[in-house]
Amino acid sequence: AVLGVLCMAVYFFPEPPACDEFGQGFCAFIAEPDGSAISPTINKVFTLIIDRSGSMYGTKMEQAKGAAAFIVQNMNEGDRFNIIDFDDAVTSLFTTHQYFNSGTLATALSYIYGLYADGSTNISGAFETAIPQFSAASTDTYNVIIFLTDGEATAGITDTPGILDVVNSQIATTETDISIFSFGIGDYVNEQLLTLLANQHNGIATFLKNDELEEVVTNFYLTIQNPVLLNTNMTFSPNMVYETYPIPLPNLFKGIQMLVVGRYDTPGMVNVNLSGNAFGSPVSYDYPLTLSETNTLQMQFLPKLWAKQKIAYLLQQYYSTTGTDAEGIHDQIVDLSTCYGVISPFTSFSDNTGTTAIEQEWLQEPQSSNTAVVISSVYPNPATEMAQIKFTV
């Protein structure tokens, strides 16, 4: 079986929460694939698009090369890959995706270490070169683009709607699902473009400081290295669970848990169905779940967990729109953040002395010391950048 474990947790407020009108119940589901060494993984068709324009000169270019080298060295047998790099001109390592082996690895590493930064930024041209190469991919492979850039488009098509039209048109022509993961480096990236590229194509946009690229991208690749379930979907019967996040559901990878949170108002029994595609065939798993009408101290973290996931979804929408719609989403994020006590980019929690502080309030008083988290020390306190917290549970 592709799926090894599905864990479930529920929490039910005695009274409806004052933060929203979505009901008194909170639930969470954690899907974890079979992690055994003999468990098969889905082959990848993979392209890394690297911005090598002049603004990438120095640390950013070296880190991009280091991340690229790590990725190609950690391909799986059966994977196919290519590298596209661009300034105002676009270059492709291979004319088509090539199978990973010792020969293509050596060619790729030599190519990567020879990259240098110069010229302007032709984002549209890079995607126009990369996407058609996926026309040879199939529905039973995981098709991925990782896009690294530190600036806005200055060559080719330069406006955001125009670039998106090119990408969407090219993907439609290939008739292949492609997940796009965008990594923006530094302070001058087009956040709206990178967010929309990822949101519209089942990926994630990540924004980094100049010196974070290599570590973040290599760690990210390890999370998607071994896919086991694609095009995931979760349904509930009867339909008593709603406001579920994340949207859309991520694909499922070996060694990586998939967390889904939701809300309910009516206690009772439901069937949870998790489905998707594995190795070119549809698969489906069913699990019974009891939506409780009681609360427990051990599950009081669920409201904050749900709020955090919804804020993450709203942030994607915020970066995808402008004007009064963006202002409305901004206000929703602030309301969720302040009511549930979850940090967002638009909020902070501090006391009146100007120092950082965190206050703890039990939603339910601990029944005994054996059921509570006991913090023994926090140093330094107040914290400036970080603190070490020692606790027992």
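Helix H7 supplies the largest share of the lining of the second largest pocket, 7 residues. Helices (H or I, at least four residues) and strands (E, at least two) are DSSP runs, numbered from the N terminus. The structure is a predicted model, in which local features need pLDDT of at least 70 and side-chain atom pairs count only at pLDDT 80 or more, while totals for chains, interfaces and linings use all residues. Residues are numbered from 1 along each chain as its sequence is written, and side-chain values use heavy atoms, with hydrogens and water left out.

The second largest pocket holds about 1,000 Å³ of space. A pocket here is an open set of points on a 1 Å grid over the protein atoms alone, where a 1.4 Å probe fits and protein lies on both sides within 12 Å along at least five of seven lines; lining residues have an atom within 4 Å of a point. Its volume is the space filled by probe spheres set on the points. Of the 34 lining residues, Gly-203, Ile-204, Pro-246, Ala-312 and Gln-316 are the closest to the centre of the second largest pocket. Among the elements that give two or more residues to this lining are strand E8 (179-185), helix H5 (191-199), strand E9 (205-208) and helix H7 (302-319). By class, the lining has 23 nonpolar, 10 polar and 1 charged residues (Ala, Val, Leu, Ile, Met, Phe, Trp, Tyr, Cys and Pro count as nonpolar, Asp, Glu, Lys and Arg as charged, and the others, Gly among them, as polar).

Helix H5 also packs against helix H4 (residues 160-174), at an angle of about 25° and with the axes 10 Å apart. The two helices are therefore roughly parallel to each other, a term for angles under 35 degrees. The contact (heavy atoms within 4.5 Å) is formed by Thr-160, Ile-163, Leu-164 and Val-167 of H4 together with Gln-192, Leu-193, Leu-196 and Leu-197 of H5. It comprises 6 nonpolar, 2 polar and no charged residues.

Some backbone details deserve a look too. Most residues other than glycine have a negative phi, and most peptide bonds are trans. Asn-202, in the loop between H5 and E9, has a positive phi of about 55° although it is not a glycine. Ser-237 and Pro-238 are joined by a cis peptide bond with omega about -5°, and Pro-238 sits in the loop between strand E10 (227-237) and strand E11 (242-245). Another cis peptide bond, with omega about -10°, links Ile-247 to Pro-248, and Pro-248 belongs to the loop between E11 and E12.

Notes: Axes are lines fitted to C-alpha atoms, for helices over the stretch in contact, and angles run from 0 to 180 degrees between N-to-C directions. Angles under 35 degrees count as roughly parallel, over 145 as roughly antiparallel, 65 to 115 as roughly perpendicular and the rest as oblique.
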